[in-house]
Amino acid sequence: MARKEQQAQAPELVQTKQEWIKSAAYLEAERFEVAGALFSETDDQLLAEGQVKSRLTKYKGGV
């Protein structure tokens with residue numbers, strides 16, 4: 001039997017805090033929610049999509 005080959009994944013999206021706030025709709029969130037989730041970061045801080053989604057989930061009260 002052939003082994004399953006791992007699918008090539010696209011690199012994770014990385015943007016600045018300000019770019020994430022502007023693209024809140026992409027995250028299915030409001031701008032104020034993204035801003036609140038990332039309040040401790042500087043405006044030009046680069047953040048990966050996974051980090052932002054994780055912080056946004058916590059900000060909204062999720063685990």
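D43 is partly exposed in this predicted model, with a relative accessible area of 48%. Its side chain meets that of K17 in a salt bridge, at 4.0 Å from N to O. The two residues bring together distant parts of the chain, 26 residues apart: K17 belongs to helix 1 (residues 17–22), while D43 sits in the loop between helix 2 (31–37) and strand 2 (46–48). K17, for its part, is buried, with a relative accessible area of 8%.

This pair is one of four salt bridges in the structure. Side chains of opposite charge can pair when their charged atoms come close. Another salt bridge joins E33 and K60, whose closest N and O atoms are 3.8 Å apart. Here too distant parts of the chain are linked, since E33 lies in helix 2 and K60 in the segment after helix 3, 27 residues apart. E33 is buried, at a relative accessible area of 16%, whereas K60 is partly exposed, at 45%.

An α-helix has 3.6 residues a turn, so residues three or four places apart point the same way. The side chains of E49 and K53 also make a polar contact, at 2.9 Å. K53 is partly exposed, with 40% relative accessibility. E49, at 13%, falls under the 20% limit and therefore counts as buried.

E49 lies in helix 3, which spans residues 49–59. Beyond its neighbours within four places in sequence, E49 is in contact with E12, L13, W20 and Y26. The last two of these contacts lead to the aromatic residues of the model. A search of the whole structure finds one aromatic pair. The rings of W20 and Y26 have centres 6.4 Å apart and planes at 35°, so this pair is tilted. W20 is buried, with 0% relative accessibility.

W20 also belongs to the largest nonpolar core, a set of eleven residues that includes I21, A24, L27, A29, V34, A37, L38, L47, V52 and L56 as well. In soluble globular proteins, nonpolar side chains tend to be buried together. Which elements give two or more residues to this core? They are helix 1, helix 2 and helix 3.

After helix 3 comes G61, which has a positive phi, near 100°.

Conventions
Residues are numbered from 1 along each chain as its sequence is written. This is a predicted model: local features need pLDDT of at least 70, side-chain atom pairs count only at pLDDT 80 or more; totals for chains, interfaces and linings use all residues. Side-chain values use heavy atoms; hydrogens and water are left out. Helices (H or I, at least four residues) and strands (E, at least two) are DSSP runs, numbered from the N terminus. A polar contact is a pair of N or O atoms within 3.5 Å; within protein, one must be able to donate a hydrogen and the other to accept it, and residues adjacent in sequence count only if both atoms are side-chain atoms. Contact means heavy atoms within 4.5 Å. Buried means under 20% relative accessible area, exposed over 50%, partly exposed in between (1.4 Å probe, protein chains only). A nonpolar core is a set of buried Ala, Val, Leu, Ile, Met, Phe, Trp, Tyr and Cys residues joined through side-chain atoms within 4.5 Å. Rings of Phe, Tyr and Trp (its six-membered ring) pair if their centres lie within 6.5 Å; planes under 30 degrees apart count as stacked, over 60 as edge-to-face and the rest as tilted.
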